[in-house]
Amino acid sequence: MDQLLYVFVKVVEKGNFTKAAEELHMTQPAVSQHIQTLERLFDTKLLDRTNKYVKLNKAGEIVYHYAKEILGLYTRMNQLLDDLMNRAGGELSIGASYTYGEYVLPQIIAKLHQHYPLIKPTITIGNSNEIVEMVSSHQLDVGIIEMDIEPKNVYIEPFAKDQMVVVASVHHPYAQKENVRMDDLRNATWIVRETGSGTRKATDEFFLKHNFFPSSIMEFGSTQLIKEAVEAGLGLTFLSLWTIKKELSFGTLKIIPINDEPFFRHFSLVTPKTPFYTKAMEVFLTIVRTHQPSISHSPQPPSP
């Protein structure tokens with residue numbers, strides 16, 4: 001059954017039998033035979049077929065959803081059995097939200113590879129809600145997110161602090177001031193991340209804390225795009241210190257000094273609710289928990 005489901009998932013994800021056959025190193029008739037066998041087992045059609053593509057019908061959507069979960073559990077079971085006799089190794093699927101995934105996780109992966117070269121990590125980057133959903137459905141072994149979220153068949157474990165700051169281009173008028181009032185920020189143009197991201201949630205909490213929501217706002221789906229827009233002078237943003245370290249060192253962005261307490265949020269680990277973890281998972285979690293990113297920064301002098 002697991003082979004039938006595996007072939008079915010490949011056909012769905014590749015969109016046609018020919019591409020699936022190439023990746024599976026099978027003939028196209030053999031792939032078709034697997035799908036027909038699966039459809040006979042379930043006594044229903046799962047795919048709508050044309051000469052160019054295949055498309056899931058309603059029954060196929062149900063089977064595809066649970067096939068992904070079953071195959072994830074099957075892989076994890078085999079890894080746990082292998083771990084009884086072998087050192088940490090094998091595949092480890094890691095999901096991370098954008099801030100941690102793009103600016104901190106590469107250091108973690110480098111350390112993991114240095115000490116455990118047999119572990120083969122695969123990385124998925126998405127917003128926090130997406131990562132939690134994928135861990136919950138066993139499509140990912142572990143996730144790292146940057147927002148508080150209601151547990152959904154998963155464990156949520158805060159493990160590190162992240163400082164958020166107001167940021168502008170070095171040429172922005174606010175960058176020339178020693179201190180900026182909250183009323184000034186209220187009337188500025190803000191560039192923010194999309195709803196569902198940890199950075200957007202922190203930004204909305206910052207606005208709520210100071211009892212305002214900007215009338216002029218632009219929503220972008222990429223932190224890198226936001227930084228470039230801010231560098232170009234389009235407006236202000238609210239980002240993690242970890243995302244702007246390079247720009248601060250190059251002098252293209254500046255932290256805007258405001259009379260306010262520092263704003264912190266937590267990075268959190270997302271793990272399945274299971275008593276069994278592979279050795280690869282255990283060593284990864286240990287490295288993540290002990291690698292505490294620095295959150296401090298030196299005050300920036302006013303621009304001349």
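A pocket, as the word is used here, is an open set of grid points with protein on both sides within 12 Å along at least five of seven lines, and its lining residues are those with an atom within 4 Å of a point. In this predicted model, the largest pocket is lined by 19 residues, of which Leu 71, Gly 72, Thr 75, Glu 91 and Gln 139 lie nearest its centre.

The space in the largest pocket comes to about 630 Å³. Three elements, namely helix H1 (2-14), helix H4 (58-83) and strand S3 (90-96), each supply at least two residues of its lining, and among the contributors H4 gives the most, with six residues. Sorted by class, the lining of the largest pocket divides into six nonpolar, seven polar and six charged residues.

The model also holds one cavity of 30 Å³ or more.

## The overall fold

The protein has twelve helices and eleven strands, and its C-alpha trace spans about 70 × 45 × 35 Å along the principal axes. Of the 304 residues in the protein, 47% are buried. When contacts between residues at least 6 apart in sequence are considered, 74% of them join residues at least 24 apart.

## How H2 meets H3

Helix H2 (residues 17-24) and helix H3 (residues 28-42) pack with their axes 9 Å apart and at an angle of about 105 degrees. Angles of 65 to 115 degrees count as roughly perpendicular, and H2 and H3 are therefore roughly perpendicular to each other. On the H2 side the contact is made by Phe 17, Thr 18, Ala 21 and Leu 24, and on the H3 side by Gln 28, Val 31, Ser 32 and Ile 35. The contact of H2 with H3 has five nonpolar and three polar residues, and no charged residues.

Which residues does Phe 284 touch, once its neighbours within four places in sequence are left aside? Phe 284, which lies in helix H12 (residues 279-290), is in contact with Leu 92, Ile 94, Leu 105, Ile 108, Ile 109, Leu 112, Val 142 and Ile 144. Phe 284 counts as buried because its relative accessible area is 0%, and buried means under 20%. The C-alpha atoms of Phe 284 and Thr 199, which are 85 residues apart along the chain, are separated by 24 Å.

Ile 131 belongs to helix H7 and is likewise buried, at 1% relative accessibility. Not counting residues up to four places away in sequence, Ile 131 touches Gly 95, Ala 96, Ser 97, Thr 124, Gly 126, Leu 140, Gly 143, Ile 144 and Ile 145. One of these, Gly 143, is twelve residues from Ile 131 along the chain, with 6.0 Å between the two C-alpha atoms.

Arg 200 is found in helix H9 (residues 198-209) and, at 10% relative accessibility, counts as buried. With residues up to four places away in sequence again left out, its contacts are Val 192, Arg 193, Glu 194, Thr 195, Phe 213 and Glu 219. The C-alpha atoms of Arg 200 and Phe 238 are separated by 8.6 Å, although the two residues are 38 residues apart along the chain.

| Residue pair | Separation along the chain | C-alpha distance |
|---|---|---|
| Arg 200 and Phe 238 | 38 residues | 8.6 Å |
| Phe 284 and Thr 199 | 85 residues | 24 Å |
| Ile 131 and Gly 143 | twelve residues | 6.0 Å |

## Two loop residues with positive phi

Asp 43 has a phi near 55 degrees, a positive value in a residue other than glycine. Asp 43 lies in the loop between H3 and strand S1 (47-49) and is exposed, with a relative accessible area of 71%.

His 138, also not a glycine, has a positive phi of about 65 degrees. The loop that holds His 138 runs between helix H7 (128-136) and strand S5 (142-145). Is His 138 buried or exposed? At 19% relative accessibility His 138 counts as buried, because the cut-off for that class is under 20%.

Notes. Residues are numbered from 1 along each chain as its sequence is written. This is a predicted model: local features need pLDDT of at least 70, side-chain atom pairs count only at pLDDT 80 or more; totals for chains, interfaces and linings use all residues. Side-chain values use heavy atoms; hydrogens and water are left out. On a 1 Å grid over the protein atoms alone, a cavity is a set of points where a 1.4 Å probe fits but cannot get out, and a pocket is an open set with protein on both sides within 12 Å along at least five of seven lines; lining residues have an atom within 4 Å of a point. Grid points are joined across faces, edges and corners, and a volume is the space filled by probe spheres set on the points. Axes are lines fitted to C-alpha atoms, for helices over the stretch in contact, and angles run from 0 to 180 degrees between N-to-C directions. Helices (H or I, at least four residues) and strands (E, at least two) are DSSP runs, numbered from the N terminus. Angles under 35 degrees count as roughly parallel, over 145 as roughly antiparallel, 65 to 115 as roughly perpendicular and the rest as oblique. Contact means heavy atoms within 4.5 Å. Ala, Val, Leu, Ile, Met, Phe, Trp, Tyr, Cys and Pro count as nonpolar, Asp, Glu, Lys and Arg as charged, and the others, Gly among them, as polar. Buried means under 20% relative accessible area, exposed over 50%, partly exposed in between (1.4 Å probe, protein chains only).
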